[in-house]
Amino acid sequence: MIPGLVSVIIPVYNRPTQLREAVGSVLAQDHRPIEILIVDDGSTDETLTVAKSMSREHTDLRVASQPNSGPGSARERGRQMARGEFIQYLDSDDILLPGKFTAQVKALQENPDCDVAYGMTRFRHADGVFADRPWKDSGVSRAAMFPSFLIARWWDTPTPLYRRAICDRAGAWTHLRLEEDWEYDCRIASLGARLAWCEQYVSEVRDHAGDRLCRGASLDPERMRDRARSHTLILGHALRAGIAADSPEMQHFARALFLLARQCGAAGLPIESRELFELARNACGEPRSRGLDFRAYRSIAALVGWAAAGRASQWLDGIRKGNAA
């Protein structure tokens, strides 16, 4: 580990132009030393060529490539290469704003009990218009990630700067292709990570028309398997952190598990549907687990099967939404 060094890990797949912009935003930082680690995740266009060209222009930029394995796997490849005291993950379609590293490194140095520094993120719509407030809840100062991360991941990938030590304790990224970032952060949260907040905009998340893993058919079985796995892992992290079943955050997550159980059934994944249903019941605690909705759904699933029960639930939800509209 090199003291003071910020290691920036950029996974990329078929985004040569946006990659240049992301790298440019790192090079524009006034903090030094830095290193940039680009991991090409099996691009099929000129992205890898562009990355290698930039590495010849900048001695602090290194490039690795691998068969397409997803963003989590690519970030882990970069993490294994990193030599810095601090770790910055940056998606190839986002950018860092000036002064990010200076502010966040200072925050961590001045608060040695803190493991992660974050600031405000701005959101730019596809038409170029900026949102009028900080993205998600990045504009709120919090001392810890849990329990609020059970409700939502209230920052985006470029927002936080991590101490390498907390990343080493958290271990490897999973091979999930969806919600892998949420699971990773909840794993860090379960370690009792403390936060330092910087009251300034530090990163920009941009919507665009290009391919994004967050887009896709909502009930695609492969996507639903990843979501089922990520939610299962997140619940485990929350339980290890000691979040009580009767807390509002755990109750919210239990409802999310129940919803996902029904969606997995509708996607033709009866095993995942049943497992998530049981996790939801256990997560919400007594007496909520004996509620009419749980008892009725289990009875229906026992009668017609978990897949059919999920499809029926989706059909009823569609009718309710139509009536509400």
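Is the crossing of α8 and α9 left-handed or right-handed? It is left-handed, meaning that the near helix is turned anticlockwise from the far one by less than a right angle. This is a predicted model, in which local features need pLDDT of at least 70 and side-chain atom pairs count only at pLDDT 80 or more, while totals for chains, interfaces and linings use all residues. Residues are numbered from 1 along each chain as its sequence is written, and side-chain values use heavy atoms, leaving out hydrogens and water.

**The α8 and α9 pair**
- The axes of α8 (residues 248-266) and α9 (residues 270-284), lines fitted to C-alpha atoms over the stretch in contact, come within 8 Å and cross at roughly 165°.
- The two helices are therefore roughly antiparallel (an angle over 145 degrees).

**Helix α6 and Asp181**
- In α6 (residues 180-189), 10 of the 10 residues are buried (under 20% relative accessible area, with a 1.4 Å probe and protein chains only).
- One of them is Asp181, with a relative accessible area of 17%.
- The Asp181 side chain makes a polar contact with the side chain of Arg153 at 3.3 Å (a pair of N or O atoms within 3.5 Å, where one must be able to donate a hydrogen and the other to accept it).
- Beyond residues up to four places away in sequence, Asp181 touches Arg75, Arg153, Thr157 and Trp173.

**Ala28**
- Ala28 lies in the loop between α1 (16-27) and β2 (34-41).
- Ala28 counts as exposed at 54% relative accessibility (the cut-off is over 50%).

Methods
Helices (H or I, at least four residues) and strands (E, at least two) are DSSP runs, numbered from the N terminus. Contact means heavy atoms within 4.5 Å. Axes are lines fitted to C-alpha atoms, for helices over the stretch in contact, and angles run from 0 to 180 degrees between N-to-C directions. Angles under 35 degrees count as roughly parallel, over 145 as roughly antiparallel, 65 to 115 as roughly perpendicular and the rest as oblique.
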